[in-house]
Amino acid sequence: AQFVLVKHNDTKAHRGFELDNSETFPDATPLTNPTVANVTIIGSTATDEGSEGVLLRNGTAGALHNFIITGPAGMGECLEVSGAEAQGNAEAGNLVMTHSVVACENGENFKGNATSTQTTEEWFLAQAGNSTAAGMADVISGFETISTATPADANAIDPWFDTVDFVGAVKAGDDWTAGWVTIGLE
């Protein structure tokens, strides 16, 4: 998938992305192993289940590139790696996240440990092109990316992807959401 925009509802929300293998058999094959690029996740203060950014768990592998994960004070964590099998995939390099920005205003950008030796924050920041920012105003305006983070060349990762010069789902000055989807995107 490429160019994915997730905006949580202000009253009912959960996770922007939750990548799982099998909850009962986390090392079951075939292994969940998505490749995703250019995603913007905008959390909210919804409290029904809690608005969160990305949860990588239950044995998932995967390659995530050019993400912006952001949200206001009052939302849950922005990035978490959970479970021994997913943590093993992160440690082995089979679960990666590059050229991405985490910018949540909640004081909980990261939760837990991503590997046996690294917190989720350490794991995230040790990968190519990743950074943090103070909050939403530093990375997006409306839905458009204003972050100056350097993107991965997604086309070099897989020829199916377009080459872009921005992280997130919506390039500044080229808001593909305008006039397309209006309900809930105010």
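This is a predicted model: local features need pLDDT of at least 70, side-chain atom pairs count only at pLDDT 80 or more; totals for chains, interfaces and linings use all residues.
A disulfide is a pair of cysteine sulfur atoms within 2.5 Å. The disulfide joins cysteine 78 to cysteine 104, with the sulfur atoms 1.5 Å apart. The torsion about the S-S bond of cysteine 78 and cysteine 104 is about -130°, and the disulfide is therefore left-handed. Cysteine 78 belongs to the loop between β5 and β6 (79–82), whereas cysteine 104 is part of strand β8, so the pair ties together parts that are 26 residues apart in sequence. Both cysteine 78 and cysteine 104 are buried.

The nonpolar interior was examined next. In soluble globular proteins, nonpolar side chains tend to be buried together. Here the largest nonpolar core comprises 25 residues, of which Phe17, Leu56, Phe67 and Trp123 touch the most other members. When neighbours within four places in sequence are set aside, tryptophan 123 is in contact with Leu56, Leu79, Val81, Ala90, Leu95, Val96, Met97, Ala114, Thr115 and Gln118. Another core, of 12 residues, lies apart from the largest one; Leu5, Ile68, Val101 and Ala103 are among its members.

Charged side chains form five salt bridges in total. Arginine 15 takes part in a salt bridge with glutamate 18, at an N to O distance of 2.7 Å. Arginine 15 is also paired with glutamate 52 in a salt bridge, where the closest N and O atoms are 2.8 Å apart. Glutamate 52 is located in strand β4 (residues 52–57) and arginine 15 in strand β2 (residues 15–20), so this pair ties together parts that are 37 residues apart in sequence. The accessibility of these side chains was also computed. Glutamate 52 is buried, because its relative accessible area of 13% falls under the 20% limit. Arginine 15, at 24% relative accessibility, counts as partly exposed, and glutamate 18 is likewise assigned as partly exposed, at 31%.

A further salt bridge links the side chains of aspartate 165 and lysine 171, with 3.3 Å from N to O. Aspartate 165 is exposed, with a relative accessible area of 53%, while lysine 171 is partly exposed, with a value of 33%. Through shared partners, salt bridges join Arg15, Glu18, Asp20, Glu52 and Arg57 into one network.

The backbone was then considered. Most residues other than glycine have a negative phi, and most peptide bonds are trans. Against this background, the peptide bond from threonine 29 to proline 30 is cis, its omega being near 0°. Proline 30 is situated in the loop between β2 and β3 (35–42).

Positive phi values occur at asparagine 58 and histidine 99. For asparagine 58, which is not a glycine, phi is about 50°. Asparagine 58 is found in the loop between β4 and β5 (62–71) and is buried, with a relative accessible area of 14%. For histidine 99, phi is near 50°. Histidine 99 occupies the loop between β7 (95–98) and β8 (101–104), and its relative accessibility of 17% places histidine 99 in the buried class.

Methods
Residues are numbered from 1 along each chain as its sequence is written. Side-chain values use heavy atoms; hydrogens and water are left out. A salt bridge is a side-chain nitrogen of Lys or Arg within 4 Å of a carboxyl oxygen of Asp or Glu. Buried means under 20% relative accessible area, exposed over 50%, partly exposed in between (1.4 Å probe, protein chains only). Helices (H or I, at least four residues) and strands (E, at least two) are DSSP runs, numbered from the N terminus. A nonpolar core is a set of buried Ala, Val, Leu, Ile, Met, Phe, Trp, Tyr and Cys residues joined through side-chain atoms within 4.5 Å. Contact means heavy atoms within 4.5 Å.
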